[in-house]
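Biologist: Could you walk me through how to read a helical model? I'd like the general idea each time, and then the case at hand.

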Amino acid sequence: IALMAVALLVSTCSAVFVPTENDTKWINSITSSGQILVSDMNLISSAATNGDFAKTKMYAEYLKSDAETALKESENCIVSTEIQNTKDYYEMALKKFFSSSLSVIEGIDTSDASKLQNGITELQEGVRYLNLATKELPSM
């Protein structure tokens, strides 16, 4: 019985994800950039809700820049196969955030409601990919 318990413990321990040094660097990077991106999106939402298009555009510029920076940082990281799907979903989210910010900026510049709607839709798609990335991250 003790031998079976040890075998079960070993098999359970081997199933736990142990991040590599690169995995840890990437996870720390996305944690930091994720906080910035969430702040940008909250600012955009607040400004848009208040009908302040100048601030909405300014915060969309922030999101564009921050998403682009985060994407470049992420693409330069090599992670283990255990978190590659997470990284792929995260990078798709960043691409959607970047694209959504361009649509919002263009929509404001041209007073084109359909561009603004496209921006909102892409932002929602980005959030969906971000949620998928979170679900794919193995337990540590």
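**Helix lengths and packing**

Modeller: Start with helix H3: at 1.5 Å a residue, its 23 residues should span 33 Å, and the end C-alpha atoms are 32 Å apart, which agrees. The expected span is 1.5 Å times one less than the number of residues. This is a predicted model, where local features need pLDDT of at least 70 and side-chain atom pairs count only at pLDDT 80 or more, while totals for chains, interfaces and linings use all residues. Residues are numbered from 1 along each chain as its sequence is written, and side-chain values use heavy atoms, leaving out hydrogens and water.

Biologist: What span should H2 have, and how far apart are its end C-alpha atoms?

Modeller: The 29 residues of H2 should span 42 Å, and its end C-alpha atoms are 42 Å apart, so the two agree. Just after H2, Gly51 takes a positive phi of about 70°.

Biologist: Which secondary structure does the chain have overall?

Modeller: Helices (H or I, at least four residues) and strands (E, at least two) are DSSP runs, numbered from the N terminus. Here the chain comes to 5 helices and 0 strands, running α-α-α-α-α from the N terminus on.

Biologist: How do I read the angle between H2 and H3?

Modeller: Axes are lines fitted to C-alpha atoms, for helices over the stretch in contact, and angles run from 0 to 180 degrees between N-to-C directions. Angles under 35 degrees count as roughly parallel, over 145 as roughly antiparallel, 65 to 115 as roughly perpendicular and the rest as oblique. The axes of H2 (residues 21-49) and H3 (residues 53-75) cross at roughly 165° and come within 9 Å. H2 and H3 are therefore roughly antiparallel.

Biologist: Which residues meet between H2 and H3?

Modeller: Contact means heavy atoms within 4.5 Å. On the H2 side, the residues include Trp26, Ile36 and Leu43; among those they meet in H3 are Lys55, Tyr62 and Glu73. The residues of this contact between H2 and H3 divide into 14 nonpolar, 4 polar and 4 charged. In that count, Ala, Val, Leu, Ile, Met, Phe, Trp, Tyr, Cys and Pro are nonpolar, Asp, Glu, Lys and Arg charged, and the others, Gly among them, polar.

Biologist: And which residues of H3 are buried?

Modeller: Buried means under 20% relative accessible area, exposed over 50%, and partly exposed in between (1.4 Å probe, protein chains only). In H3, the buried residues are Thr56, Tyr59, Ala60, Leu63, Ala67, Ala70, Leu71 and Ser74; what covers them includes H2, H4 and H5. H2 has buried residues too, including Asp23, Ile30 and Met41. Those of H2 pack against H3, H4 (81-110) and H5 (113-136). Across the chain, buried residues make up 31% of the 140 residues.

Biologist: How do H4 and H5 pack?

Modeller: Their axes are 7 Å apart, at an angle of about 165°. That makes H4 roughly antiparallel to H5. The residues of the contact of H4 with H5 divide into 14 nonpolar, 9 polar and 6 charged.
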